[in-house]
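Hi,

Here's the structure I said I'd pass on. Have a look, and my notes on the charged side chains follow below.

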Amino acid sequence: GDWRCEQLAGKKVREKWSKADREKDTECQLRFRLEDGSCIQATFHPREPVLRLFEFVRQATDDALPVPRLLTPPPVRTLESDDSTTLYAAGIVQSGVINLRWSDGVKRGREVAS
């Protein structure tokens, strides 16, 4: 069990624990949900930039398609394709689902995954 009592620890101690926890995270397992509910999956390092997600999606789907919007689970945020923020700083850690939405209104699924 976790012996730490976050409520009793001071701010400096909590920050130290948080940093130690971040350093233990060595991978971020993400599923990209296509509009038909099917998924493609990839593993990233938490220090990789958000823009790496867009690079992966472009490689994993048909290049002829427009770049989809990448949406986080609730609270929903739209990720930006030029964002150099790390996955960790963006709050995308350990595992999660990113929803893909294309702006042209055409629903796409497994057929676009290469």
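This is a predicted model: local features need pLDDT of at least 70, side-chain atom pairs count only at pLDDT 80 or more; totals for chains, interfaces and linings use all residues.

Let's start with E55, which is partly exposed at 38% relative accessibility (that label covers the range between buried, under 20% relative accessible area, and exposed, over 50%, using a 1.4 Å probe and protein chains only). Residues are numbered from 1 along each chain as its sequence is written, and side-chain values use heavy atoms, with hydrogens and water left out.

E55 makes a salt bridge with R52, 3.7 Å from N to O (the cut-off is a Lys or Arg side-chain nitrogen within 4 Å of an Asp or Glu carboxyl oxygen). The two sit three residues apart in helix α2 (51-60), so about one helical turn separates them (helices are DSSP runs of H or I, at least four residues; strands are E, at least two; both numbered from the N terminus).

R52 also pairs with E48, with the closest N and O atoms 3.5 Å apart. Both are partly exposed, R52 at 24% and E48 at 22%. That links E48, R52 and E55 in a network, and the whole structure has two salt bridges.

E35 is buried without a salt bridge, and the nearest oppositely charged side chain, R101, is 4.4 Å away (Lys and Arg count as positive, Asp and Glu as negative; His and chain ends aren't counted).

Cheers
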